[in-house]
Amino acid sequence: MMSGLPVPSSRTKDGAIYLDNAATSWPKPPGVAAAIVQFLEQSAANPGRSGHRMSVEAARMVYQAREEIASLFGAPDPLRVIFGQNITDAINLVLHGFLHPGDHVVTSSMEHNAVMRPLRVLESKGVSVTCVPCSPDGRLDPQQIEDAIQPKTRLIVLTHASNVCGTMLPIRLAGEIAHRHQIYLLVDAAQTAGVFPIHMEQDSIDFLAFTGHKSLYGPTGTGGLVLGTRVDHELLAPIRQGGTGSRSEHETQPGFLPDRYESGTPNSVGLAGLLAAIRWISSMGVEAIRSHEVNLCNRLLVGLAEIPGITIYGTQSASQQTATIGFNIRGVSPSTAALQLDEEFGILCRVGLHCAPAAHHTIGTFPEGCIRFGLGVFNTMDDIDQALFAIRQIAREVQ
Amino acid sequence: MNASHAVILVDSTSHALRIEKLFQASGLACKLIPVPRHLSSDCGVCVRCNSTDLPLIHQVLDDARAPYHSIEIL
């Protein structure tokens with residue numbers, strides 16, 4: 001898919017194969033590291049704080065990143081793109097800034113702790129939570145979402161895709177339900193932004209939380225929240241206050257976007273890298289990236305299914321999931337397998353509970369967890385074949 | 001009066017940058033400058049334009065519904 005362009009290698013310096021893209025994507029596209037270095041060396045003044053040319057240049061880059069994020073996600077107004085530390089930061093902003101004691105929230109049993117932990121804190125403060133159970137392969141019946149709505153329901157919170165087994169959740173249908181009931185939808189797009197088409201208007205998404213360092217292929221420490229057009233930001237309280245470079249004569253937080261939620265100097269160095277990454281995604285096309293990952297995922301799923309003693313979780317259908325595959329080897333604990341994969345076969349992956357105990361309860365792997373291969377756009381068919389060879393060897397040893 | 005510049009005061013640098021992009025797309029000359037102290041005590045930037053472009057400035061800002069605080073003549 002990437003003929004004509006320099007393709008970064010998915011092998012580390014010592015030859016290991018990186019299959020941990022669901023945690024953080026690596027390598028990064030061509031131009032990302034260069035954009036970071038160029039920004040640091042030429043324009044890394046404080047954006048939006050001073051009026052001199054270098055500060056304006058830095059702010060211009062940050063604004064450009066807002067525009068390209070808005071364009072990628074079908075959001076009409078770049079001023080409604082709010083940058084933060086990562087997606088956890090963005091989810092916390094919505095949950096803590098939008099919900100009040102007495103409110104009710106509907107979520108799924110496949111959520112990451114980025115959603116569940118803030119919700120559990122809010123539960124202790126009088127917010128009630130309904131966790132709609134998903135099937136053992138992680139699927140969510142949208143009718144159950146609708147059935148869970150109560151008079152006090154204010155928000156539906158859903159991950160777009162499971163970070164454990166890749167199963168996609170029906171966010172567009174959830175958006176239609178939310179709007180029909182005049183409530184709001186928050187989507188956790190940690191696993192999908194950049195690799196699945198997302199259109200906030202067409203998908204009826206009110207709050208889109210994204211992170212830069214996974215399938216957007218940017219650096220860590222970048223991410224944010226995009227507010228849909230239905231959201232009155234007066235209803236979303238900032239969860240931190242501080243300097244914004246605007247209205248400096250006042251000791252009260254400004255009310256306008258995006259400054260209301262962006263106190264403190266932003267990670268402009270990281271955003272320079274994220275901007276380059278998004279431009280790379282746009283040049284490649286989200287559909288082309290997805291197509292490559294489906295092919296990789298399909299080869300891995302088919303290969304794993306042929307190995308005796310392997311249990312694969314999730315849909316087991318490459319077209320219905322992200323390129324994140326959760327599985328176990330009968331008779332081998334995930335942690336033992338991870339060590340063997342790393343030390344003997346040079347395969348880098350993540351095992352355990354993946355910060356998602358609810359999801360592991362749902363698919364039946366709590367508390368042991370599972371092995372997770374998170375494929376990325378720079379992985380090759382040879383990477384998949386090497387990984388399958390390793391799993392075959394490990395499985396054979398214990399049978 | 002020999003006014004040569006119009007200054008668009010905005011709440012946020014992000015708003016100034018949005019206006020800069022709109023003006024560039026419309027062929028309007030502009031420059032982001034520090035807010036003149038006599039106009040505001042803010043520490044941010046504003047958008048300086050030629051005052052002769054005021055009719056088009058108003059049209060572009062209104063068409064895009066771009067947020068701004070006020071337009072001052074220097």
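In this predicted model, A:Gln182 sits in the loop between α6 (171-180) and β6 of chain A, and this residue has a positive phi of about 55 degrees although it is not a glycine. Its relative accessibility is 68%, so A:Gln182 counts as exposed.

**Backbone features**

- Most residues other than glycine have a negative phi, and most peptide bonds are trans.
- A:Cys355 is another residue other than glycine with a positive phi, near 55 degrees, and it is found in the loop between β12 and α10 of chain A.
- With a relative accessible area of 37%, A:Cys355 is partly exposed, a class that lies between the 20% limit for buried and the 50% limit for exposed.
- A:Gly346, which comes just after α9(A), also takes a positive phi, of about 65 degrees.
- A:Trp26 and A:Pro27 are joined by a cis peptide bond with an omega of about 0 degrees, and A:Pro27 lies in the loop between β1 (17-18) and α1 (32-42) of chain A.
- A cis peptide bond also joins A:Leu257 and A:Pro258, with omega at about -5 degrees; A:Pro258 has its place in the loop between β8 and α7 (268-284) of chain A.

**Aromatic rings**

- Over all chains, the structure holds 10 aromatic pairs.
- One of these is the edge-to-face pair of A:Phe98 and A:Tyr184, whose ring centres are 5.1 Å apart and whose planes make an angle of 80 degrees.
- Because A:Phe98 lies in helix α3 (residues 87-98) of chain A and A:Tyr184 in strand β6 (residues 184-188) of chain A, this pair ties together parts that are 86 residues apart in sequence.
- Both A:Phe98 and A:Tyr184 are buried.
- A:Tyr217 and A:Phe378 also form an edge-to-face pair, with 5.9 Å from centre to centre and 80 degrees between the planes.
- This second pair links distant parts of the chain, 161 residues apart, with A:Tyr217 in the loop between β7 (207-211) and β8 (223-227) of chain A and A:Phe378 in the loop between β13 (370-374) and α11 (381-398) of chain A.
- A:Tyr217 counts as buried at 2% relative accessibility, and A:Phe378 counts as buried at 4%.
- A:Phe98 and A:Tyr184 belong, together with A:Phe207, to one aromatic cluster.
- Arginines lie over the faces of two of these rings: A:Arg154 is over A:Phe98, at 3.9 Å from the ring centre, and A:Arg230 is over A:Tyr184, at 4.8 Å from the ring centre.

**Buried residues in helices of chain A**

- A:Leu93 lies in helix α3 of chain A and is buried, with a relative accessible area of 7%.
- Leaving aside residues up to four places away in sequence, A:Leu93 touches A:Phe98, A:Leu225, A:Leu236, A:Ala237, A:Pro238, A:Ile239 and A:Tyr261.
- A:Leu93 and A:Arg240 are 147 residues apart in sequence, while their C-alpha atoms are 8.9 Å apart in space.
- In helix α4 (residues 113-123) of chain A, the buried residues include A:Val115, A:Met116, A:Leu119 and A:Leu122, and what covers the buried residues of this helix includes α3, β3 (104-108), β4 (128-132), β5 (153-159), β6 and α10 (357-363) of chain A.
- In helix α9 (residues 334-345) of chain A, A:Pro334, A:Ala337, A:Ala338, A:Gln340 and A:Leu341 are buried.

- Two packed helices are described by the angle between their axes and the distance between the axes.
- Helix α2 (residues 53-72) of chain A packs with helix α1 (residues 13-25) of chain B at an angle of about 75 degrees, and their axes are 10 Å apart.
- α2(A) and α1(B) are therefore roughly perpendicular to each other.
- Among the residues that meet here are A:Tyr63, A:Arg66 and A:Glu67 in α2(A) and B:Leu17, B:Arg18 and B:Lys21 in α1(B).

Technical notes:
Residues are numbered from 1 along each chain as its sequence is written. Chains are lettered from A and ligands numbered from 1 in the order in which they are written. This is a predicted model: local features need pLDDT of at least 70, side-chain atom pairs count only at pLDDT 80 or more; totals for chains, interfaces and linings use all residues. Side-chain values use heavy atoms; hydrogens and water are left out. Rings of Phe, Tyr and Trp (its six-membered ring) pair if their centres lie within 6.5 Å; planes under 30 degrees apart count as stacked, over 60 as edge-to-face and the rest as tilted. Helices (H or I, at least four residues) and strands (E, at least two) are DSSP runs, numbered from the N terminus. Buried means under 20% relative accessible area, exposed over 50%, partly exposed in between (1.4 Å probe, protein chains only). A charge sits over a ring if NZ of Lys or CZ of Arg is within 6 Å of the ring centre and within 35 degrees of the ring normal. Axes are lines fitted to C-alpha atoms, for helices over the stretch in contact, and angles run from 0 to 180 degrees between N-to-C directions. Angles under 35 degrees count as roughly parallel, over 145 as roughly antiparallel, 65 to 115 as roughly perpendicular and the rest as oblique. Contact means heavy atoms within 4.5 Å.
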